[in-house]
Structure formats: structure tokens, C-alpha cells
Amino acid sequence: MSDSDFLQMRGISKSFDGTQALLGVDFSAEAGEVHAISGENGAGKSTLVKILSGALPRDAGEILLAGERAELGTPDRARRLGICAVYQEFSLVPHLTVTENILMGQMPSARVPGCVDWAKAHRRAEEILQSIGFVGIDVHKVVRQLSVSHQQMVEIAKAVAERRRVLILDEPSAVLSQEELDRLFALVRQLKQEGTLVLYISHRLDEVFEIADRITVLKDGRLVGTVKPQESDQNQLIKMMVGRTLGEIFPTRTPPGAEVALEVRDLAKEGSFSDISFSLRRGEVLGMFGLVGSGRTQVARCIFGAEPFDAGEVRLDGNSIHPRSPREAVREGIALLTEDRKRDGLVLICTIRDNASMASFESLSRWGVIDRRAQEAKVQQKVQELDIRPPLLDRLARQLSGGNQQKLVLAKWLMTRAKVLILDEPTRGVDVATKVEIYQIISDLAAGGMCILLISSELPEILGMSDRALVMREGRLVGEFARAQASEEILLASAAGVSQ
Amino acid sequence: MTSGSAPTPSAPVKAGGGLRTLLLGKAGARTRRRWVDYAFIAAFGVLLLITATVSDVFFTQRNLSNLLRQAVTNGLLSLGMLVVILTGGIDLAVGSVVALTAVMVSGLSDRGMPLFLAILICLVVGVAAGAVNGFFIARFKLQPFIVTLATMGAIRGLVFVYSDIPITPSDPAFRAVLGAGFIGPFPVSALIMLATYPIVWFFLTRAKAGRAIVAIGGNEEAVRLAGISVTWHIFLAYMISGLFSALAGVILASRLGIAQPSVGSGFELDAIAACVIGGAILGGGGGSTFGTLAGVVSLGMIDNLLNLFNVQSYYQQIFKGVIILVAVLARRKQR
């Protein structure tokens, strides 16, 4: 680090409910560079940039902009200092037009005071979109009606509508097509020419190597190091991010049985997916890969009864079942670990005890009253098996770290008599150590005869854990690969619809 | 941390950090919450102490039993309200249900119906009123505020249809047992009210349905995906509120010995206030039976004290308003 750098963050620390998200991070970047911040989920990337953009208060540390101490208490203040961020979650107002969103707070006035000069506004929004190479977006349209990738582009346009000194792009590529990504990169290079510092958050290494001048790696809330792409390679970066090589992460699997337990035939839901057929054998881990929006999650939710489907059949142990609600699915022995544990996996204000036993209240109670002894014993047992820390049953779910929260959701389902376990992104946002533990748990469960459908957008996870892998694209199953056939390139090509 | 775990970007600036750190050290919201509870208890104690020294009437058996009897209605309503608030809802119709059942129990017993039967019918009517609320809210996912606002008006209309003049039952037994009865030094009505609290406490902490209700207020979707019927439990919560409103109505009619069709308007506000003072969070995710009881008693005491000191009731309302604001402010969620 040099003291002359345009942006300097010194000793930045931040914790959430006892979880240390950042610890003493010293980060600096120059004006006119593209600086990538990389790291595993949960490494603290988003937290770091949110502190910079004023979206989160920091616990400790200071930030210097062009050598001056900057107080970035609110997004508004950061914005006035020329810092603007585009987050993974959008900050657009869905029922306003593209123009209003791009020009929010700076709509041109008409001659009549207090009125908007709409013609001028639309023209200006169009100019902005054109100047950054985003064409084909109708500025009159309401944002809600746009595709996700177009929304992302509007979000970016909004951020660069004024001149920025620092532009933060937080995982911008997740929803963009290759062509759109190329346009984004062109824009990033243009901004860099103009002297803007672009902070590019991503865990996709090929992308990072293509666009960044320097790459800083975070791991478990600490800064591991900063490298230049030309002096490094992907392997080195993975090791920096993960702290170990891939071979040490995944457990050895026992081969599955031959007996088919779950069979899905011609499942379809209008507007989401169609012709989904697959079978799942006892003790098998079936991977399901697909890009965001490919319909993976909807398939899982339909099998689980969380959403209705239009056609098709789900058979469990040879019997046709048609769960109309999660309640019925749970009774049939199906469990779903949802992709977002905070949104719909846990009741954060409730205790470990409550969360763990939530799906098995029925079997734990008599005359509608919960048998506290049985509950305590069973929860305690699962907490120990899964090594949930701290092992205090009255601890609120909110106070646990991401990894322990995820194990708590697993505990909830393992307390039921589930035969089929659907895992939707089971390791999202958990640290590497917990990932390894979760992989071991999955492997043990499968060895014990559990059928597991593993939905993931992390290729190493699919490849490392699955006996077979399915690939979904635009609501259809487009490929099935045996463990030996599959590779990152093959799955990715299949998911993206590119023939190799 | 993933971005999902981070609170929303509209971060309020941390204000007054210095003072809080001074008072509480670096401990988090949990310690702070407890501190607030202690502060309330302490304030309560000081209030009692001042009263005891200034007024020689307060600590008489007569006054205390009066205080308890006056707190019965709000005590019952608040308990039902708490169950509803825990699901993330609100029940504005409780006051109207009080009026309906008060007028009905008076009317029915005045026409010679056996008292226990009249009471039973009224309790069923209360549950039914709650069921109507619950049906619209749980089945059609309508906003509890709007639904109960509608039924609040409709039920009030129903009361006036039933009788637009006050009803005074002539049967002396009507007043004797519930309203004016005593067991030792304790009013029967107060004992009934106090007995409902441990029952509801047990329900909320130990029963399957109670835990589900608490969890629904925290994260409805997570509860649904755990295989629990959210619809049924929300429905149940409003029926419980209806039941307690009916019980309150019957006891009120019995205590006053007359049932006005206009009785009970504004009662929902006192009930909500008691819950909130006791730590309940509108929208779900917080609240306890013990806290609610403390809220009921402190509101009752404030009324009682100000009465003893002959403060006009208008001032009482102002005072109550201030207390509610202070309570909510003190319990404001920190991050």
C-alpha cells in the first residue's frame, strides 16, 4: 500500500450480531484503475464496499479519499463525495419508468414551476444509456416490465449518470449475458480512461483476470493480499481465497444404490419450466446446475408443494404424490433447504430450539403440547451431530454465523423423517470450513440412504459432490452427465447453450 | 457476510453512541433491551414509592381491589391482542366485540335465559366474530388493519341494531358473581383475568400452536415451508382475540350492571398500548405475556393514581400518550 493512493481504507472492522464480517482490513486503490475484490461467499467483499458507499456504518477504521479523511455515514453523503455503488440487490423503484429511475433526484423542470419536462427527461435518459453503450432499453417503460439483465443495466446507468470518482460494481455479471457483459467491460474501460476508480466485486476468476488491473483477495473478513493478474494465475488466487486446494474440500463418496426413490415425470409449470423428468436413487446425490433464472429453484419448490405445478407427476417410492402444500410434502418425507436461509429458512427471532424443531412439532407433541424433554433431547442431539456453535438451545438464530445458521436449517430437516432432501444452494454465504463440514454431512446422509437433490450454481460443488449432474437452461433439462463425463467446461457450455 | 445478511442500505446514522457506550459499555442490543426492562421496573417502583408517601388512600384494600377490577377489561383485551400482534397482525374490533357481548349477555339474561347459557352464547359469538376477522385475513391475505377496521364498524352497527338503548338486567345474580363477587379480599373478575395469563403463557411457550403463532410473526414464509399451516394459525389467533373480547364484554356488563351500546369504543387503543409498553412489536417478532401484564397494570395504575390526585381525564390521556411514546422509543430496535 502506498500513502499516495487515491482511496485508502485503514483498519476497517465490522461485525453483525457477534459475527466478525471484517477485521482490520487495510485496502487502497488508485484513481483510474480497475481494482477487483475477490473472495469466497462470506469473505466480506460486500460488507467492505457497503462501508465505502455509506450503506453500512463501520465499527472501526478510517477512510481517506485523495488524502482527506472522509466521513461516509450515509449513502447520500458518499454519493456527494463521488462514490456510487451498484449492488447485487437492485435499488430501482419498480413501478416508475426507466427515465425516472435513471434521473432520480435530478429530473429536469419544465417552465411551469414544479412540473417535469418529460420530453427533455426522456431524451436525457436515452443519451445517458447511449453514451455508455446500453442500447435497446425503452426509457418510457416501467422498470418492473424489464428483464433482469436490463434492470441491471438501468441500475448501472443510474450510477454513472453523474461523474463518479469511485464506482462500485457488486457482482454485476450474475444476471448479464456474455454480450451484455462485453458492453459492461467496454464501459468500465471507458470510465477508467476518464480517471474513475472502479471497484469490481466478483468471485468469477476468468472475469476478474480479464478486466482488473489489480486483484485484492479477502478471506473470512481479512485481507489476504493484492496481486496483479499478469503476475498471478487462477490457482494461486483460489488458494488465496479458499486457503486450501480443491482436493481437500470434497469427501470421498460411497456409490449410490440402484433402487429409484423419487421419480419426476414431465413436470411443467407455465412460464417457469416444462418437460422436467428425472429420477433419484436411494443414497444418490443428484446435482442440478443452471444459471440464475434457469428454473431450478421453481422445480424444487414445486416438488416440495411450495408452488403449484400445471402438469406432470411426482412419484415417491413408487406411489404418485401430489403435494399441494409444504405441509403435505413434509408428511410424505420430502424436505427443502431453501436458497436464502434468512428469507425463508429460519425464523431469526426464534431460538435454535424452536427453529430446529419447527418441522417436527407434530411428532414432538401430544395433545397439542410440545414434549419439552423429547424436544430438548432431539435438538441437542442434532446440534451435536452437526456441531452447531454455540451449542446453546436458547440462542437466537439471528445471533449465529452464516455457517451455523445453515447447519441449523439442515438440523430442522434432519429432525423430520425425510427421505428426500432437496438442497438449494446449501453452501451459499458460508465460510470454507463450514462448507467442508456440510459436504461431509451430505456425503454421510447419502451413505445412510438419503436421496439428495443438490441444486447449485457453484460448479466445483456440483462436480465434487454429485453422482450425476443435470443441467437446466431456460426452464428445460438440457443435459445429464455421469460423474466421470462432467467437467466445468461441459456443464457451463450446456447451461449457457453454447455447443463445444 | 453476504450482501443478503446485511441490513438495508438506508442506514440511519448512529446517533448518541457516546452516551450509550458510556452507560452500557460495548454490549449489544440484548443487554440494552434488558436495561430498558430494569429501567421500567425501577420507574414503576419510584412511582409506587412516591404514591405511598403522598397518598394515604392508594394502599388501601378498597383502592387496590378497585384498581384490579378496572384493569380486568384491558387485561383480557390486551392478552387477546398480544396473540394477534405476535402473528404480525392487529385487531381493531375488540372494543366492538366487547359492546356486542355486553349488550347481548344483558339482553339475554334479562329475557330470562339462564346466566351460564347466556354467557356461553356470548363467548361463542366472540369467537365467531374473531373467526370472521381471521377468515378474511388468513384466507385472502388481506391487511389485518383494514379487515378489523371494517368489522369494528360493522359489529358496532350490529350492537345498535340489537339495542339502541342501554340494557339493565334485573336479575341480581347477574351482578353478584362476576362483577361484584369476591373470594377473600380478591375480586372474582380480577382472579379470572389473572388466571388467563399463565394459560396464555403456557399456550405461547409450550403448545405446538402457540410456538407456530410466535414463529409466524418472525418469518411467515419460513414457517409455511417448515410444513406448518400459516392460514390455520392466523385464523386461530383472531378467534382467541375474539374469545377474550367476549369474556371482557360479559364481565364488564356484569361489573357495571348496565350495558351501553356505545361501550368499548377506544378500548382497542388501550390494549395495543399495553402490549407495546410490555415490549410487543407491531408487525410481529416480539412480545410476552408477562410484559403485557406489566403494561396493563401500569396503565391501570396511572389511571388510578391520576384519579386519586383528581387530575382531569383529559390530562390522563395526554400522560398515557407520552408514556406509550417513551416506551416505544426506549425499545426502538438498534442495529
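Modeller: A:Glu425 is buried, because 21 other C-beta atoms lie within 10 Å. The limits, for C-beta atoms placed from the backbone, are 20 or more others within 10 Å for a buried residue and 12 or fewer for an exposed one, with partly exposed in between. The model is predicted: local features need pLDDT of at least 70 and side-chain atom pairs pLDDT 80 or more, whereas totals for chains, interfaces and linings use all residues. Residues are numbered from 1 along each chain as its sequence is written, and chains are lettered from A, ligands numbered from 1, in the order in which they are written.

Although A:Glu425 is not a glycine, its phi is positive, at about 50 degrees. The residue belongs to the loop between β19 (420–424) and α16 (432–447) of chain A; helices (H or I, at least four residues) and strands (E, at least two) are DSSP runs, numbered from the N terminus. A:Ala66, also not a glycine, has a positive phi of about 50 degrees, and is placed in the loop between β4 (60–65) and β5 (68–69) of chain A. A:Ala66 counts as partly exposed, because it has 14 C-beta neighbours inside 10 Å. Another backbone feature is the cis peptide bond between A:Arg389 and A:Pro390, with omega of about -5 degrees. A:Pro390 sits in the loop between α14 (372–385) and α15 (402–414) of chain A.

Chain A is divided into domain 1 (7–244) and domain 2 (248–496), with bounds that come from an automatic or database domain assignment. Their C-alpha centres lie 33 Å apart.

One open sheet of chain A has four strands in the order β12-β11-β14-β15, with antiparallel pairing; two strands pair if DSSP finds at least two bridges between them. β12 and β15 (319–321) stand at the edges with a single partner strand each, so one side of each has no neighbour in the sheet. Neighbouring strands are turned by 20 degrees against each other on average, direction ignored. Helix α9 (residues 296–303) of chain A packs on this sheet, touching β11, β12 and β14 (311–316), and its direction makes about 115 degrees with that of β11(A). Such angles run from 0 to 180 degrees between N-to-C directions, the axes being lines fitted to C-alpha atoms, for helices over the stretch in contact. Contact requires C-beta atoms, placed from the backbone, within 7 Å.

Within the sheet, β11 (260–269) and β12 (273–281) of chain A are joined by six bridges in the antiparallel sense. These two strands form a hairpin with three residues between them, and A:Gly271 in the turn has a positive phi of about 80 degrees. A:Leu267 has A:Ile276 in β12(A) as its bridge partner, and A:Lys269 has A:Phe273.

A further open sheet of chain A has six strands in the order β6-β7-β8-β3-β9-β10, with mixed pairing. At its edges, β6 (83–86) and β10 (222–227) each pair on one side only. Strand β9 (residues 214–219) runs antiparallel to β10(A), with five bridges, and A:Ile215 stands opposite A:Val227. Helix α6 (residues 178–193) of chain A packs on the sheet and touches β3 (34–38), β7 (166–170) and β8 (197–201), at about 145 degrees to the direction of β8(A).

Chain A is also in contact with chain B: 47 residues of chain A meet 30 residues of chain B. On the chain B side, α9 (208–218) and α10 (220–225) each supply at least two residues, and α9(B) gives the most, with seven.

Within chain B, helix α7 (residues 172–179) holds the buried residues B:Phe174, B:Leu178 and B:Gly179. They lie on the same side of α7(B), because they cover an arc of only 70 degrees around the axis, taken over the directions from the helix axis to the C-beta atoms. B:Pro172 and B:Ala173 are exposed on the other side. The buried residues pack against α4 (94–110), α5, α8 (188–206) and α11 (230–256) of chain B. In α5 (residues 115–140) of chain B is B:Ala138, which touches B:Thr231, B:Ile234 and B:Phe235, residues up to four places away in sequence not being counted.

Key:
Two residues are in contact if their C-beta atoms, placed from the backbone, lie within 7 Å.
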